[in-house]
Amino acid sequence: MLEGMLAETIGITGHNGDTIQAYYARPMTADPVPGVVVLHHMPGWDEWSKEVARKLAYHGYAAICPHLYSRLGPGRWEDVAAAARAQGGVSDAQVVGDSAGAAAFLRAQPSSNGKVGVIGFCSGGRQAYMLACRIAVDAAVDCWGGAVIVSPDQLTPQRPVAVIDMTPEMRAPLLGIFGNDDANPDPAQVNRTEEELKRLGKQYEFYRYDGAGHGFFAVDRPSYRPQQAVDAWTRVFAFFGKHLGK
Amino acid sequence: MCTYIVEKAEINGHGKGTADWIRLTRANVYYDHPASAPFDHALIVDFADPSAGPGARISVELSAESAQALVQAIQAALASGQAQHDLVAMGRT
């Protein structure tokens, strides 16, 4: 564990060359470190998402959490998130572009070991799965990403392609973390996702926890499940350690 | 007409306001993960003026039970004689 870290909000280049906010946490070490893009959940670029970035830095990763609603600001993150929700969210194309920009930023740092992973929670989990199919990352972690499987009538101009249909293009190993009491995704949907990954010969690991539902890492919510969360975090770090060269 | 009639609802939730009075032109209502209230999900109402930017927002995050109690209180207040008179005048009943 690396006790010293730097953590701050910076500007990075995202989709369409736009400058967006990002929370960047990295360990103070002279050794090359792998990077992780952290995808915040739909409620917004919140304190917990930044805690995740700092947790990753503590474990030796340069972590960056791009503010996916940045263009709707300036303002408090929760006001900006509410404005994003009111307009139906942001497009998958923009999320891909912003995340690609964040990954490029990490790789461009002198301290980078050249490897970048991605981790996302809730809507961010869905986005992590998508990014494994859309951009060059070395590992992807999907924590309870809902709406990976959707019916055609659920597609929108913002999200025109079902993420499950992107699976043939998946080019990174995938770790999935799910609670068996979750309703979105429910166990049947996770089963179908796993079947698709197997059918297409993709490299993946799924861990599914009894007694846990959606968002069971959240320490400030009734959904928190400490035993399951501690175990799942060890899986995350083992997975990143294996694939990001740490 | 002035009265001391107040419909009260016991609620559980969090709210965020603004420094002063603002115009409101939109109410966004949804049941989803809250930003502040310590629930997995909440009934959230954003009273906003989108033309004035994201900060022009007064938000309440309530438990589902609280939201039901609030709905009942609102309906009780609107059942008053004066409210019914105004709604009829607006063509809303």
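What percentage of the 246 residues in chain A are buried residues? The answer is 50%. This is a predicted model.

**Chain A: fold and size**
- Chain A is built with 6 helices and 8 strands.
- Along the sequence, these elements run β-β-β-α-β-α-α-β-α-β-β-α-β-α.
- The radius of gyration of chain A is 17 Å. A compact globule of 246 residues would have a value near 18 Å, so the two agree.
- Along its principal axes, the C-alpha atoms of chain A fill a box of roughly 45 × 35 × 35 Å.
- Take the contacts in chain A with a separation of 6 or more: 67% of them join residues 24 or more positions apart.

**Chain B: fold and size**
- Chain B has 2 helices and 4 strands.
- Its pattern along the sequence is β-β-β-β-α-α.
- The box filled by the C-alpha atoms of chain B is roughly 40 × 30 × 25 Å, again along the principal axes.
- Of the 93 residues in chain B, 22% are buried.
- Among contacts in chain B with a separation of 6 or more, 55% link residues 24 or more positions apart.

**Nonpolar cores**
- The largest nonpolar core holds 73 residues.
- Seen by how many other members they touch, the top residues of this core are A:Val38, A:Ala53, A:Ala63, A:Ile64, A:Ala132, A:Val137 and A:Ala140.
- A:Ala53 shows what such a position looks like. Leaving out residues up to four places away in sequence, A:Ala53 touches A:Ala7, A:Tyr23, A:Ala25, A:Val38, A:Ala63, A:Ile64 and A:Cys65.
- Another core, of 8 residues, lies apart from the largest one. Its members include B:Phe39, B:Ala42, B:Leu43 and B:Ile44.

**Where the chains meet**

Key. Residues numbered from 1 in each chain as written. Chains lettered and ligands numbered in written order. Predicted model: local features only at pLDDT ≥ 70, side-chain atom pairs only at ≥ 80, totals over all residues. Core = buried A, V, L, I, M, F, W, Y, C linked by C-beta atoms within 7 Å. Buried ≥ 20, exposed ≤ 12 C-beta atoms within 10 Å, placed from the backbone. Contact = placed C-beta atoms within 7 Å. Rg over C-alpha atoms; globule rule 2.2 N^0.38 Å.
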